[in-house]
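Open the model in your viewer and follow the stops below in order. Each one says what to select and what is there.

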Amino acid sequence: MSDEQQQTPAETPPAPPAGPQPEPIPFFGTTWVERDGGYAVRRVAAGVGSLVAAFAAAYLLRFAYEGLEIGNVGPVLSIAVVVLFAIASAIAFLKTWESFGRRPAPSSDEASLKGLKMIGFIGSLIAYFLRCFQEAPGEKLRRTEYERAVVEYERRRRSRTGNPAARRPKRKK
């Protein structure tokens, strides 16, 4: 028999699970919920990867600084560039660290800081590396939201027992 004749009829896709679903985290998916599926290995890999990327970026910035020295732009501009990258990295570190614990407000200044965070990307990489020691970056925020959604879902499910059409109307006082 050929492969076409041996195929079984198409199975219906499984029904989506009832209730709230966990939000996936980049590089971790939803393994953070039960901390399974290679969660620990992913945390180590994400931490090491961000640290290696931070070292590589610092090494490339060193070449850029040497280019300024070769160009003989003067000590004022050389110092200004170093200070700019240091301040941008510190701000990017703080904003990235804060983003692991709370969602930004819709009217916040996060959009205006994107350029600064791109300049200080080394700070963001270091924040990601340090957070991997504790948990998957953003796990605590998503776990809190997910557990709150599950509790709310269960509370709503319990309150919906019986036929709502058969309920008596409330008496007016």
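Select W97, I126, L130 and F133: together they form a nonpolar patch on the surface, with about 370 Å² of accessible area. Accessible areas come from the Shrake-Rupley method with a 1.4 Å probe, and for residues only the protein chains shown count as cover. A patch takes residues with over 30% relative accessible area and no salt bridge, joining like charges within 9 Å and nonpolar side chains (Val, Leu, Ile, Met, Phe, Trp, Tyr) within 5 Å. A salt bridge is a side-chain nitrogen of Lys or Arg within 4 Å of a carboxyl oxygen of Asp or Glu.

This is a predicted model, where local features need pLDDT of at least 70, side-chain atom pairs count only at pLDDT 80 or more, and totals for chains, interfaces and linings use all residues. Residues are numbered from 1 along each chain as its sequence is written, and side-chain values use heavy atoms, leaving out hydrogens and water.

Next, select helix α5, residues 121-134, which gives the most to the patch, with three residues. Helices (H or I, at least four residues) are DSSP runs, numbered from the N terminus. Within α5, pick F133. Is F133 buried or exposed? Its relative accessible area is 60%, so F133 is exposed (over 50%; buried is under 20%, partly exposed in between, with a 1.4 Å probe and protein chains only).

Axes are lines fitted to C-alpha atoms, for helices over the stretch in contact, and angles run from 0 to 180 degrees between N-to-C directions.

Last, select helix α2, residues 39-70: the axes of α2 and α3 come within 10 Å and cross at roughly 160 degrees. That makes α2 roughly antiparallel to α3.

Notes: Helices (H or I, at least four residues) and strands (E, at least two) are DSSP runs, numbered from the N terminus. Angles under 35 degrees count as roughly parallel, over 145 as roughly antiparallel, 65 to 115 as roughly perpendicular and the rest as oblique.
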